Amino acid sequence: MTETGEDIRVRSPADDSPEDIYAEDGSIRTDFRALVGAAIADRDLLFLRQHVARLHESELGDLIEALQPDQRIALVRLLGDDFDMTALTEVDEAIRLQIVEHLPNAQIAAAIGELDSDDAVYILEDLDHEDREEILAQLPFTERVRLRRALDYPESSAGRRMQTEFVAVPPFWTVGQTIDYMRDEADLPESFSQIFVIDPTFKLLGTVDLDRILRTKRLEKIETIMRETSHPIPAEMDQEEAAQVFEQYDLLSAAVVDENGRLVGVLTIDDVVDVIQEEAEEDLMRLGGVGDEELSDSVREASRSRIPWLLVNLLTAFLAASVISLFEATIEEIVALAILMPIVAGMGGNAGSQTMTVTVRALATRDLDIHNAWRVVRREAGVGLLNGVVFGMLIGVIAGFWFQDVNIGGIIATAMLINMFAAAVGGILIPLLLDKVGADPAVSSAVFVTAVTDITGFFAFLGLATWWFSVH
């Protein structure tokens, strides 16, 4: 029992549940973090080995992120060989780099040798070229070649994500030979669900699921029970596209092949789940104009990542301001316009953001393409018109009663209708155009959609007011 009254449960070797170190909100329990911090300060290796070293890699990653920067480094150093380097694949990039920069390359190389190839690449790819080469030089030749090959593939490609450990057999082997091989061979992946069939040049011929192996007699040849490989993943394919292949065809694993169709690795569902989560987070961050910023980034790094699109936003704000300046005389005569015009622009901006978010996500998941684009554009335009009518009437009635002027109510209602329609159309057309020219709509759309709704809203409201009151 701690001073706070929380009862901390000691993990038994058979207890694999993470609930004992997590609070109800999913964060690391305050008392457990305090005990770990005290053990680090006291260099209590017994406690750290018993209660930290045997945590699951994801739990250990969460704990590392919850600790102070100096505590993280001290923890890794104290645990030494007992520290599971796989946990570094579960933390922010900034934290991972902070830790590995304080570790000797020899220790990293020793730990890398115990990891699956995909986890090893995940750690190595962020290191400086010099440190990476020094670490690779300390690895066995075969493992070094595998990792170099994976690192040669483009960043965020299937080749970077794949595991180079797999089981491959020739088609003329019998089921019995294959089973004996899997029983006797020590250098096999820890877990796998498929066996790949290859020719002497390593060209992929097909696959056999383990359940099919178990259901077939020993004398049957592999070529008679193998099935043609469904949807092999090119190593150069972007990881997001590879994830979409998994989603579309409900795959648990898939062969990764080079440009000549030769088997170079395997992509598994656990890696694809990570990709899906990363890509979703990346799209969300980019919609906000913050790129690949992480919570562990410093103030200077966070500021630097946000400045570019804030500058673009500043330029578009000046464009909107210049539109307002065109109607300066009208605003001076009718003060109500200055009070009401932010409502038109603000409502248009929110409506545009809604449409833009739906569009960017549909583009990312490939639900929106050239074949259905016009239908979706018509739908969004209809939504914009309908919402414009509803909110135009609402704000028109409110403004008319507020300022005791039916003209003001009618003007703002019409301007609201125009801007809501423009927001809907701009919210879908701008991402589509940016995607068409090769720009990332998740990064660029928000600024331009906001500019469209601000300029259209101000121009429609103030322009209508100027025209109406000059006529009447």
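**Helix α8 and the chain around it**

Helix α8 has a face turned away from its buried side, and that face carries the exposed residues E130 and A137. This is a predicted model.

Now turn to the other side of the helix. Helix α8 spans residues 129-137, and its buried residues are R132, I135 and L136. Look down the axis of α8: these buried residues fall within an arc of 100 degrees, so they line one face of the helix. What do the buried residues of α8 pack against? Their partners are three helices: α6 (105-112), α7 (117-124) and α9 (141-152).

Step back to the whole chain. Its secondary structure comes to 21 helices and six strands. Of the 472 residues, 45% are buried. Residues 24 or more positions apart account for 66% of them.

Next, the overall dimensions. The C-alpha atoms fill a box of roughly 95 × 65 × 45 Å along the principal axes. The radius of gyration of the chain is 30 Å, whereas a compact globule of 472 residues would have one near 23 Å.

Finally, surface and charge. The accessible surface of the chain is about 25,300 Å². Carbon and sulfur atoms hold 56% of that surface. How many positive and negative side chains does the chain have? There are 36 positive and 81 negative ones. The centres of these two sets lie 6 Å apart.

How values were computed
Residues are numbered from 1 along each chain as its sequence is written. This is a predicted model: local features need pLDDT of at least 70, side-chain atom pairs count only at pLDDT 80 or more; totals for chains, interfaces and linings use all residues. Side-chain values use heavy atoms; hydrogens and water are left out. Buried means under 20% relative accessible area, exposed over 50%, partly exposed in between (1.4 Å probe, protein chains only). Helices (H or I, at least four residues) and strands (E, at least two) are DSSP runs, numbered from the N terminus. The arc is that of the directions from the helix axis to the C-beta atoms. Contact means heavy atoms within 4.5 Å. The radius of gyration is taken over C-alpha atoms; the globule rule is 2.2 Å times the number of residues to the power 0.38. Accessible areas come from the Shrake-Rupley method with a 1.4 Å probe; for residues, only the protein chains shown count as cover. Lys and Arg count as positive and Asp and Glu as negative; His and the chain ends are not counted. The place of a charge is taken as NZ of Lys, CZ of Arg, CG of Asp or CD of Glu.
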